[in-house]
Amino acid sequence: MTTLTFPLSRIEGHARVEIEVRNGEVLSTRFQAMEKRGFTLMVKGVPAEQMPVIVPRICGVCSTAHHVASVKALEDAYDVTPPPLSSTIRELLLLGQLIQNQATSLFVFTMPDRLGVESIFHITTQEAEKKVQFNIARRALMIRQLGTDLITLAGGQFIHPVKAVVGGVSSGVDPEKAATFQQRIHEALPTACELVETYWDISLRMKDRIGTWGDDQPAYYITSTNAVKPNYDASMIRVLAPDGKDAGTFTPAHFYDATEFEETDYSYAGRTSFNHGVMRANSLARANMTHSLDTPLADGFLTRLRKEFGTPAHPILLFDLCRGIELVYALERAAELLDQPLNDADTDVPYLPKDGEGWGLVEAPRGPLIHHYVIEGGKIKVGEFIIPTVHNMLAIERALRVAAERYITEDSVNMELEKAVGRVVRAFDPCIACATH
Amino acid sequence: MAKKTKAENNRALPQFAVLQLSGCAGCEVSLLNASAWVKEFELVFMPLVVSAYEVPCVDVLLISGGVRSDEDLYNLKRAVRCADKVVAVGTCAISGGVANLGNRDEVRELFLSQNERRDLPRMLPKSQPVDAFVNIDLYLPGCPPTPELFMAALFNDPDFKPSKTVCQECGRKKLRDMRPKHLTGFQRGEVDPDICLINQGYLCVGSSTRGGCRALCTIPGHPCVGCRGPSDLLIEKDSNAWLESIQRVFAALTDIPPQEIREGLLSPQLALFLFQFSDYAGTGRPPRPKEKVL
């Protein structure tokens with residue numbers, strides 16, 4: 001038996017892929033999360049009200065989602081309902097996260113696979129391509145920066161936001177700043193659309209070269225966004241069956257009843273399944289379960305996706321294209337929200353902390369994220385983090401097997417496999433810091 | 001992949017690498033928010049954004065995250081061997097950061113017993129800062145450090161001087177006649193946009209925290225948790241000096257019992273950051289010289 005090991009880069013965190021092969025037969029494909037910090041244990045005994053500042057440190061990429069999920073879990077435990085304006089500002093926060101994340105995944109993580117370079121920051125010495133590449137990098141970073149700046153505008157600190165607090169948010173958004181930001185988005189939207197078009201085109205060229213969109217069998221899909229106009233500040237989780245039929249809806253408190261979870265002995269991350277089948281979260285899940293985004297440019301791209309691939313669509317490289325659609329959506333939606341008055345009403349209500357249990361759900365860029373706390377004596381007795389990347393673990397390993405079987409024969413291993421492993425994993429945009437927490 | 005050396009690379013631009021140990025990648029995300037380096041530096045190693053698997057010799061090595069596993073330690077020791085300048089980036093690299101919550105004995109026991117996996121990096125008994133193992137030339141404090149700080153470290157700007165404290169950057173009005181009797185925090189609801197957060201009963205430590213963050217937390221109404229560490233005045237002193245300095249500010253502006261402030265300052269959210277330059281990490285080493293801290 002031979003074990004092929006592939007270190008991974010251009011993903012969040014430390015992970016690798018191991019493929020076991022005997023006489024050309026693929027015995028196993030394993031996705032190994034290689035780090036662990038132990039937040040479930042670290043938060044034991046922490047004053048519950050400090051969680052919204054501590055848990056963003058689970059992940060600097062997904063910090064905003066953890067911040068809001070944490071506040072929502074405490075609000076659930078304390079029975080407090082935040083005022084409507086605070087929900088709008090939290091939505092802006094989550095949109096900022098989505099812009100930053102999808103731009104990073106598209107242009108920093110996966111664009112190099114399509115351009116055949118090691119990094120978007122490694123500008124080639126070939127004059128002809130240099131200009132094209134530099135032009136992409138410059139514009140990609142500009143769009144990404146918009147996401148970060150939106151998080152700062154709505155959330156205070158730029159990586160680990162602080163403005164969501166139990167009972168609401170600590171302040172509104174100044175009208176002048178909102179107007180300036182909205183103007184920036186309007187100016188950037190054409191560039192974002194061009195970049196997404198470019199990405200779509202070069203993805204098509206890559207597909208022609210490798211001969212596949214990453215075909216894999218259908219899977220369950222899971223999201224907490226609505227079918228029309230996604231709500232990232234979510235309350236219910238929906239599942240779509242592989243055949244495109246509705247497979248149920250449940251609250252975050254029923255997550256453990258509705259799914260199966262297991263640890264493995266080869267990874268610091270566990271894995272979830274639905275009806276003992278493979279499920280997928282993240283952009284393609286949302287696209288398959290959304291009828292309309294309700295913004296013109298993003299809906300244009302969504303219609304194009306439907307036309308070209310049907311619905312539900314299953315090839316895994318479509319995850320990447322769907323991130324592009326969401327990038328455009330998030331910019332359009334943020335501009336809409338910034339048009340509303342954002343500091344004319346109460347942003348937070350008083351509350352009384354109490355012991356009990358709370359569940360907080362948000363749709364993070366990678367899928368439904370749940371924080372579950374049990375509070376005793378004002379302190380965290382149980383702090384659990386249900387992470388969307390964990391829902392994709394089986395899907396990643398199955399897609400890796402499809403790729404391995406494509407490139408491994410009895411006689412040889414086609415070295416395209418190394419690239420394929422990178423493409424497969426990046427399509428799911430896993431977050432290892434979150435998955436292992 | 002063959003290990004690159006400086007000689008093989010294009011030397012037109014200075015080179016830097018980013019070694020990420022156990023952390024959250026927030027420091028890396030902050031670096032990506034500073035794009036001024038893109039044309040001035042060659043980024044030769046940073047697995048988050050570059051497909052490269054060995055740290056080559058570089059002009060500047062940035063290290064983020066704490067030393068949690070045997071692999072972290074191995075990578076750290078290898079990476080510093082031929083770097084001209086070694087920079088510890090962010091709270092985790094400087095003091096262990098949030099991972100210190102896992103260093104509590106009762107947690108450590110469970111953590112170590114539950115985390116052993118086939119063929120994977122093994123956990124060390126404790127999470128530790130990088131200077132417990134290697135020499136550091138420069139510290140970039142913050143959770144995460146601001147993009148401006150990254151630029152100052154890369155460009156070696158001798159004139160770089162962040163403002164002294166967060167308080168000075170915040171600009172909220174301090175009142176002598178609005179004296180809360182207890183810490184109330186967000187339980188009251190609305191935050192007044194103009195008045196000092198301490199006057200409103202929040203445990204804000206911006207008065208002695210290093211500035212340079214543009215008071216991003218306090219201006220929109222969240223008390224400073226001290227993520228940039230102490231100001232130059234306190235950085236070489238032990239943690240009690242900082243505690244006392246914060247206590248004095250609260251005594252001047254509030255009637256909150258000192259014990260209540262002290263308990264708050266020692267609670268995890270603040271303890272994560274407050275003691276990052278003194279004795280919290282339990283290394284027994286002397287404080288870092290302030291000249292080395294940006």
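Modeller: Two residues are in contact if their C-beta atoms, placed from the backbone, lie within 7 Å. This is a predicted model, where local features need pLDDT of at least 70 and side-chain atom pairs count only at pLDDT 80 or more, while totals for chains, interfaces and linings use all residues. Residues are numbered from 1 along each chain as its sequence is written, and chains are lettered from A and ligands numbered from 1 in the order in which they are written.

Biologist: How many residues does the contact take from chain A and from chain B?

Modeller: By the 7 Å rule, 58 residues come from chain A and 52 residues from chain B. α5(A) gives the most, with 4 residues.

Biologist: What makes β2(A) and β3(A) a pair?

Modeller: A strand is a DSSP run of E, at least two residues, and two strands pair if DSSP finds at least two bridges between them. Strand β2 (residues 15-22) and strand β3 (residues 25-33) of chain A have 8 bridges, in the antiparallel sense, so they meet the definition.

Biologist: Which residue stands opposite A:Glu25?

Modeller: A:Arg22 does. The two strands form a hairpin with 2 residues between them, and A:Asn23 in the turn has a positive phi of about 45°.
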